[in-house]
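Please read the report below alongside the sequence and the model.

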Amino acid sequence: MSKGRILVTGGTGYIGSHTTVELINSGYDVVIIDNLSNSNREVLEGIKSITGIMPDFVEADCTDLDALTGLFEKYPGIKGIINFAASKAVGESMQKPVLYYRNNLNTLMNLLDIMPDYGVKGLVFSSSCTVYGEPDVNPVTEKSPIKKATSPYGNTKQISEEIITDVINAGAPFKSIILRYFNPVGAHPSAEIGELPNGVPQNLIPYLTQTAIGIRKELSVFGNDYDTPDGSCIRDFINVVDLAKAHVIAIERMLNDKSDAPIEIFNLGTGKGLSVLQLIDAFERATEVKVPHKIVGRRSGDIEKVWADPSYANEVLGWKAETPIEDTMVSAWNWQKKLRERGIM
Ligand code: UD1
């Protein structure tokens, strides 16, 4: 028996596809809406090959309220929404701020608008550790100060959190859980789904695996003069499947009326900071593949160090990041090799 229908916006994207798999494996029916701006239909086949079930799919943009309404009419009884549909490249957001504000905020507002009309009980929102900016103290808890956003992308996350809070405080007939991700990495262990960036990757792991397989000549390490033990930046790299599982717990918490408050916020990280150089080393040890790399200057806008205190999520959600970083690196590498086998990269 199905546990009910969940709408996953941006469900063919990186975190959305992994979350769809975990929802299906937990007994939910999933409808995906995605405009395929940064993903493709083959992801649906990947989801099917892992779960045996092809999720329902609507190709449309969440900024299009008519399209969303059509979806809710076609798929009645949606109980919860997990909102991944958003533009997410920090650099691009500096060049195209209007695009970022429009995509990320209009999507959210359309969802908030339509939820009461169709009796949706809960919204999970993808936020980011970017809301903490450069923290004064690590690890960061959910109570750490929110710093002024350094990019329009980061600002859309902060504004979105505020919008959801205002809507809930105004007495909305639904609940929300905001999840602040640290740095999601890796791929499904089956190598059927993973991260597939368009063009030259901006993020560390896709650039690293593309270098390891020979698509890129060399990985540039942005800075070794930070105030960290080896001089490179420190992040909290969280396995994408571990991350996906937290979304299922969050949805269930709201649908089963277990939330402690109508709006709750959780950090999703491992609690361990790893430097960029340590991550490269972990990849090389786990896969026995060398990654040509060189130290270059700092990338503007980078945070020196940030990692999570995930104890609130550990205690309240009963969720914990479990996958060792070595296994995560192997999964990223297997996914890169699978892309090569399929002739995609
Ligand atoms: C950024 C955003 C985060 C967002 C994430 C994914 C901020 C502060 N962070 O994270 O909110 O969720 O992108 O879109 O806005 N690095 C290299 N060489 C490379 C690439 C990266 O050395 O070729 C280093 C970076 O300098 C950084 C680390 O690797 O120290 C991680 O970078 P990246 O994967 O781009 O993620 P963040 O910038 O941490």
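## The loop residue D64

A polar atom in the side chain of D64 lies 3.1 Å from the backbone nitrogen of A67. This is a polar contact, meaning a pair of N or O atoms within 3.5 Å; within protein, one must be able to donate a hydrogen and the other to accept it, and residues adjacent in sequence count only if both atoms are side-chain atoms. D64 sits in the loop between β3 (56–59) and α3 (65–74). Helices (H or I, at least four residues) and strands (E, at least two) are DSSP runs, numbered from the N terminus.

D64 counts as partly exposed because its relative accessibility is 35%. Buried means under 20% relative accessible area, exposed over 50%, and partly exposed in between (1.4 Å probe, protein chains only). The C-alpha atoms of D64 and N106 are 8.7 Å from each other, while the two residues are 42 apart along the chain.

## Basis of the model

This is a predicted model, in which local features need pLDDT of at least 70 and side-chain atom pairs count only at pLDDT 80 or more, while totals for chains, interfaces and linings use all residues. Residues are numbered from 1 along each chain as its sequence is written, and side-chain values use heavy atoms, with hydrogens and water left out.

## Two strand pairs

Strand β1 (residues 5–9) has four of its five residues buried. It runs parallel to strand β2 (residues 29–34), and five bridges join the two; strands pair if DSSP finds at least two bridges between them. V8 stands opposite I32 in β2.

In strand β11 (residues 263–268), five of six residues are buried. Strand β6 (residues 175–181) is parallel to β11 and joined to it by six bridges. R180 stands opposite N267 in β11.

## The ligand

Where does the ligand lie relative to domain 1 and domain 2? It lies between them, because domain 1 (5–185 + 237–268) and domain 2 (204–235 + 271–307 + 319–339) both give residues to the shell around it. The domain bounds come from an automatic or database domain assignment. Strand β8 (residues 219–222) gives the most to this shell, with four residues.

One is 2.5 Å from an N or O atom in the side chain of D302. A polar side-chain atom of R299 is 2.9 Å from a ligand oxygen, and a polar backbone atom of K88 is 3.3 Å from a ligand oxygen.
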